[in-house]
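Keep the sequence and the coordinates open while reading.

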Amino acid sequence: MKKSKYITKVTDINKLYIEQVIENGDIVVDATMGNGYDTKYLAEKVGENGFVYSFDIQEEAIKSTKKKLEKENLSDRVKLILDGHENMDKYIEKEISCVVFNLGYLPRAKHRIITKPNTTIKAIEHSLKLLKPNGIVSIAIYTGHEGGPEEKNSIYDFVKELNQDEFSVMECGFINQVNCPPQLLLIEKKKED
Ligand SMILES: C[S@@+](CC[C@H](N)C(=O)[O-])C[C@H]1O[C@@H](n2cnc3c(N)ncnc32)[C@H](O)[C@@H]1O
């Protein structure tokens, strides 16, 4: 099979952006912890003076992520929270530079617990409030599962209405791929000149 070298997964494209945004010592959020790959990545990026808040509603996600972080000695700079991202405002008081959403369901989990439109939108709203100027919210959206297209539509309806003087919103996705390729949305909070 032939392979691309540069235009690979949208989650890789995402990293090209957030790597420019996250600085050593920053506070960032993984809104959908899952198996902890993004949490681990963010913990490495913020360095030992930074901090990551990571949310999931499944015990399974917490267990698997905890193990991953312990192995890499990263546990001290991460708070694993067993609660929905829609409640992030209850846990975070300081400004954050980046929020990562990787929506859908936890791969290989017994139960198909999926992210849902109302709670996802609420979490995006909180994220945009907590975000510092020039901070970024990234959202990887999947539509191949039941409920996925509805979630995507709700998110698009919401972000399309964001004031362009306040936020830049960009979409990124493959337009020649079969089987519901994921979509990436990037939202940057604009800074006063
Ligand atoms: C695609 S997975 C995330 C993958 C993860 N970022 C990783 O690196 O492995 C989506 C996750 O969102 C979680 N989720 C669903 N509803 C949620 C909510 N309201 N708040 C936080 N997480 C939620 C699911 O339990 C699932 O683990």
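## An exposed loop residue

Asp-76 is exposed, at a relative accessible area of 76%. Here exposed means over 50% relative accessible area, buried means under 20%, and partly exposed lies in between (1.4 Å probe, protein chains only). Asp-76 sits in the loop between helix H3 (59-71) and strand S3 (78-82). Helices (H or I, at least four residues) and strands (E, at least two) are DSSP runs, numbered from the N terminus. Glu-44 is 32 residues from Asp-76 along the chain, and their C-alpha atoms are separated by 12 Å.

## Basis of the model

The model is predicted: local features need pLDDT of at least 70, side-chain atom pairs count only at pLDDT 80 or more, and totals for chains, interfaces and linings use all residues. Residues are numbered from 1 along each chain as its sequence is written, and side-chain values use heavy atoms, with hydrogens and water left out.

Helix H5 covers residues 148-160, 13 residues in total. From first C-alpha to last, H5 reaches 18 Å, close to the 18 Å expected at 1.5 Å a residue. The expected span is 1.5 Å times one less than the number of residues. Gly-148, Glu-151, Ile-155, Tyr-156, Phe-158 and Val-159 are buried in H5. Seen down the helix axis, these buried residues fall within an arc of 165°, so they line one face of H5. The arc is taken over the directions from the helix axis to the C-beta atoms. Asp-157 and Lys-160 are exposed on the face of H5 turned away from the buried side. Cover for the buried residues of H5 includes helix H4 (117-130) and strands S5 (131-141), S6 (167-173) and S7 (183-189). Contact means heavy atoms within 4.5 Å.

H4 has 14 residues, which should span 20 Å at 1.5 Å a residue; its end C-alpha atoms are 20 Å apart, in agreement. Its buried residues are Thr-120, Ile-121, Ala-123, Ile-124, His-126, Ser-127, Leu-128 and Leu-130. S4, S5, H5, S6 and S7 are among what covers them.

## Pockets

On a 1 Å grid over the protein atoms alone, a pocket is an open set of points with protein on both sides within 12 Å along at least five of seven lines; a cavity is a set where a 1.4 Å probe fits but cannot get out; lining residues have an atom within 4 Å of a point. Points are joined across faces, edges and corners, and a volume is the space filled by probe spheres set on them.

The largest pocket has a volume of about 1,000 Å³. It is lined by 43 residues, with Asn-102, Leu-103, Tyr-105, Pro-107 and Tyr-142 nearest its centre. Helix H1 (10-21), helix H2 (37-46) and strand S2 (51-56) each give two or more residues to this lining. H1 gives the most, with 4. By class, the lining has 17 nonpolar, 17 polar and 9 charged residues. Nonpolar covers Ala, Val, Leu, Ile, Met, Phe, Trp, Tyr, Cys and Pro; charged covers Asp, Glu, Lys and Arg; the others, Gly among them, are polar.

The second largest pocket has a volume of about 210 Å³. Among its lining residues are Met-1, Lys-2, Phe-174 and Gln-177.

## The cavity

There is 1 cavity of 30 Å³ or more. About 90 Å³ of space lies in the largest cavity. Of its 13 lining residues, Thr-11, Asn-14, Asp-38, Val-100 and Ser-138 are closest to the centre. H1 gives the most to this lining, with 4 residues. The lining has 7 nonpolar, 4 polar and 2 charged residues.
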